[in-house]
Amino acid sequence: MKTHPITGAFGAEITDVDLGAGLDQTCADALRLALSEHLVLVFRDQFLSPEDQRALVRVFGEPFVNPYGPGPVEHPDMTLVIKEAHERTGVFGGGWHTDLSFLDHPPRGSVLCGVDIPPYGGDTMFASQQAAWDTLAPPMKEFLNGRRAAHVGKPYGIRWAPPVEEQAMKGSTKRGDPDADRERMHPIVLTHPVTGRKGLYVNPTYTCRIDGLSEDESRPILERLFAHSTLPEHSLRLRWTRGMVAVWDNYETQHYALNDYHGFRREMRRIAFQTDGLEAWTGSA
Ligand code: SIN
């Protein structure tokens, strides 16, 4: 197994591994370490079956059923991310976010497989929240240390729900849930339990205010953090090919699915995974 960094900040392409051939303990340990160090792992030409994908997920944690985007009855943990050629809606994940940060226990990461890829467009962007934290000004770090922020499930609730015509994957995602409007508080700074690196944990899709401040008072600070945390220097852009697999750390990165392939179909299979939750990530910042 060989590791090839994608940018100076984060991300690695892994070669010389066949993910569908069964992963022994040494290989699984190496993959876990690689994810801890690089936050996004990319594997080309893997063409994983749903069972292979789930076996890879189990290297990193337990399969997680997305309560707002469950898969078919036979694979409830498998979210099918599909946009048909004729659709002119938004896309699933079409804005900077970490997955489901408005839950009490957001998923720890995801494994995404490229099934049907448009000839151009449909890239996924990722941003390292460790790189974002590292490059914040010291007074801002001091202000954020030990604080929490409120997250709400805007697209899935009532208060902030987007208009129906803009909603992606209508019919397969749950909408209008009043519980998604309820605030959940999470630390603004997380500490990776393996590497000890710190990262920002706020995102423009779900984070609405800083604990102790109103939304109006929080807005200038959060807008500043959102802009900083997705700077090009902290980002990478993944150009998909069929059979490609990406694994990401959902606590230390944000991602963004680009909606620039009208007229072409795109299908991805996603299974998220869960570990112990955020408690292990609250080491002193
Ligand atoms: C997502 O998981 O948010 C969507 C990723 C993608 O379709 O590229």
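Modeller: This is a predicted model. The protein has five helices and 16 strands.

Colleague: What makes a stretch count as a helix or a strand here?

Modeller: A helix needs at least four residues and a strand at least two, as DSSP runs. Strand β8, for example, covers residues 148–151, so it passes the cut-off of at least two.

Colleague: How do you know that β8 pairs with β9?

Modeller: Pairing needs at least two bridges. Four bridges join β8 to β9, so the two strands count as paired. They run antiparallel. In β9, Met185 stands opposite Ala150.

Colleague: Which strands form the open sheet, and in what order?

Modeller: The order is β9-β8-β12, with antiparallel pairing. β9 (184–187) and β12 (207–210) are at the edges because each has a single partner strand. One side of each is therefore left without a neighbour in the sheet. On average, neighbouring strands of this sheet are turned by 35 degrees against each other, direction ignored.

Colleague: What holds strands of a sheet together in general?

Modeller: Strands pair through backbone hydrogen bonds, either parallel or antiparallel.

Colleague: How do you know that the radius of gyration agrees with a compact globule?

Modeller: For 285 residues, the rule gives a value near 19 Å. The protein has 18 Å, so the two agree. Its C-alpha atoms fill a box of roughly 50 × 45 × 30 Å along the principal axes.

Colleague: What share of the residues is buried?

Modeller: Buried residues make up 41% of the 285. Each of them has 20 or more other C-beta atoms within 10 Å of its own.

Terms used: Residues are numbered from 1 along each chain as its sequence is written. This is a predicted model: local features need pLDDT of at least 70, side-chain atom pairs count only at pLDDT 80 or more; totals for chains, interfaces and linings use all residues. Axes are lines fitted to C-alpha atoms, for helices over the stretch in contact, and angles run from 0 to 180 degrees between N-to-C directions. The radius of gyration is taken over C-alpha atoms; the globule rule is 2.2 Å times the number of residues to the power 0.38. A residue is buried if 20 or more other C-beta atoms lie within 10 Å of its own, exposed if 12 or fewer, and partly exposed in between; C-beta atoms are placed from the backbone.
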